[in-house]
Every structure is written in structure tokens, then in C-alpha cells.
Amino acid sequence: MNSVVRHLTHAAPAAVLLLAVTACSSNAQDDTPTGASFASSPSVPTGQQTSSTPHAPSEKSTAMDIRVTLDGRPVDASLNDSPATRDLAALLPLTLDLADFHDTERVADLPRKLNTDGTPEPVAAKAGDIAYYAPWGNLALFYQDGPAPSPDLLVLGHLDVSADQLGQATRITIEAAS
């Protein structure tokens, strides 16, 4: 009898937590804008993700078409639809010199800090991600998976390029395609 009471005592808080999470999630609204789709490269049909691990809000595509070159070589790129990304678009065209940071990312200073109001929930950067580090106001191109999610690091999009090429890049040019 004591073991049954002990098991019920441990199971009750878990059941209450499960009910609370279920109740909260059933009232949550999807903040995906109408018509938004997942980012894709030209070789992947629209609506399919290019990564095996989705980045949730960071993978929404934006209507803006961009051209990206690394060291003069074009690479496929996609940007999400966030306030920081739209603010980055206002700075285009950009050519930035890249430097290594912690054997994980290539970084470059932007001409000014980006608007970070209303940014999506933070996600951990993955290899190939373009991100913005708000405290320093710089652009980061991850060639290794980044740290745990942080509200200071905003994933802006993704580059479809090998980690080796990205890790050795010294210059990035980002332009509006149209």
C-alpha cells in the first residue's frame, strides 16, 4: 500500500504539469503569417525544409530575393521574415570582411545595429546559419553548430554552403536580387 501511495504522490505533480501545458498550448495562436513558407534552395521543392532539424520561426522565408557571394563565389541563401532581417535588407548592398570567432563562426561588423523589436523565439544556430548578435551589432555566419538559444542571437537565414567553405570565407557580399 505504501508503494502505491508513494507512486501516486510522484505522479500527481507530473499530471498537473501535463494538464497545464496542454491547456496553455491549446489556446496558443499560430503567428505564422498567411502565405509564409519554409525556406528552400532551388534544388528542394518549395515547402520542404533543407535541414533535417527545423529552426521553427527562423525558417520562414521572406519575399525579398537576395544574392550572396562568399569570396566571389555565389551561394544559395534564404532569409527569414523577421524585423531584424527586414532591417538588414534596408542596408543592402553590403560587402563585409569576415574574421573567425571561437572556431565556430565568421563575423563582420554591420554599418549600424539592426531593429530587434518583435523578434521570434530564440533558437540555437546551426552550421550554415546567418545570424545577428545584437549586443555587438555584428553578422555571424556559423560553420559549426552554435551555442544554446539566446535572445541576443537572432538567426536571420541560412546559407547552402559547406562548413569548410564557410569556415575559410574572408568576404561576403549580400545584394537584393531584383
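**Strand β1 and what is built around it**

Strand β1 and strand β9 (residues 171–176) run antiparallel and are joined by 5 bridges. Two strands pair when DSSP finds at least two bridges between them. Helices (H or I, at least four residues) and strands (E, at least two) are DSSP runs, numbered from the N terminus. This is a predicted model, in which local features need pLDDT of at least 70 and side-chain atom pairs count only at pLDDT 80 or more, while totals for chains, interfaces and linings use all residues. Residues are numbered from 1 along each chain as its sequence is written, and side-chain values use heavy atoms, with hydrogens and water left out.

The protein chain contains 3 helices and 9 strands. Along the sequence they come in the pattern α-β-β-α-β-β-β-β-β-β-α-β. Of its 178 residues, 34% are buried. Buried means under 20% relative accessible area, exposed means over 50%, and partly exposed is in between (1.4 Å probe, protein chains only). The chain exposes about 10400 Å², of which carbon and sulfur atoms supply 54%; accessible areas come from the Shrake-Rupley method with a 1.4 Å probe, and for residues only the protein chains shown count as cover. Among contacts with a separation of 6 or more, 63% are between residues 24 or more positions apart, where contact means heavy atoms within 4.5 Å.

Strand β1 spans residues 66–70. Its covered face holds Ile66, Val68 and Leu70, and its uncovered face holds Arg67 and Thr69. On the β9 side, Leu70 stands opposite Ile172. β1 also pairs with strand β2 (residues 73–79), in the antiparallel sense and over 3 bridges. There, Thr69 has Pro74 as its bridge partner. β1 and β2 form a hairpin with 2 residues between them, and Asp71 in the turn has a positive phi of about 50°.

What lies on the covered side? In soluble globular proteins, nonpolar side chains tend to be buried together. A nonpolar core is taken here as a set of buried Ala, Val, Leu, Ile, Met, Phe, Trp, Tyr and Cys residues joined through side-chain atoms within 4.5 Å. The largest such core has 28 residues, and those with the most contacts inside it are Leu70, Leu110, Leu114, Leu141, Leu156, Leu159 and Ile172. At least two residues of this core come from each of β1, β2, α2, β3, β6, β7 (138–142), β8 and β9. Beyond its neighbours within four places in sequence, Leu159 is in contact with Val68, Val75, Asp76, Ala77, Gly128, Ile130, Leu141 and Leu166. A second, separate core has 8 residues, including Ala140, Phe142, Leu153 and Val155.

Helix α2 covers residues 83–90, and its buried residues are Pro83, Ala84, Thr85, Asp87 and Leu88. An α-helix has 3.6 residues a turn, so residues three or four places apart point the same way. The cover over the buried residues of α2 includes β2, β3 (94–97) and β8 (153–160).

Thr104 sits in the loop between β4 (99–101) and β5 (105–109). It counts as buried because its relative accessibility is 16%. Apart from neighbours within four places in sequence, Thr104 is in contact with Leu141, Phe142, Tyr143, Gln144, Asp145 and Gly146.

The charged pairs remain. The structure holds 5 salt bridges, each a side-chain nitrogen of Lys or Arg within 4 Å of a carboxyl oxygen of Asp or Glu. One of them joins the side chains of Glu175 and Arg67 (3.7 Å, N to O). This pair links distant parts of the chain, since Glu175 is in strand β9 and Arg67 is in strand β1, 108 residues apart. Glu175 is partly exposed at 28% relative accessibility, and Arg67 is partly exposed with a relative accessible area of 43%.

Another salt bridge is between the side chains of Arg112 and Asp87 (2.8 Å, N to O). Arg112 is in the loop between β5 and β6 (129–133) and Asp87 in helix α2, 25 residues apart. At 35% relative accessibility Arg112 is partly exposed, whereas Asp87, at 17%, is buried.

In a further pair, Arg171 forms a salt bridge with Asp97, with the closest N and O atoms 2.8 Å apart. Arg171 lies in strand β9 and Asp97 in strand β3, so the pair ties together parts that are 74 residues apart in sequence. Arg171 is partly exposed, with a relative accessible area of 40%, and Asp97 is exposed at 51% relative accessibility.
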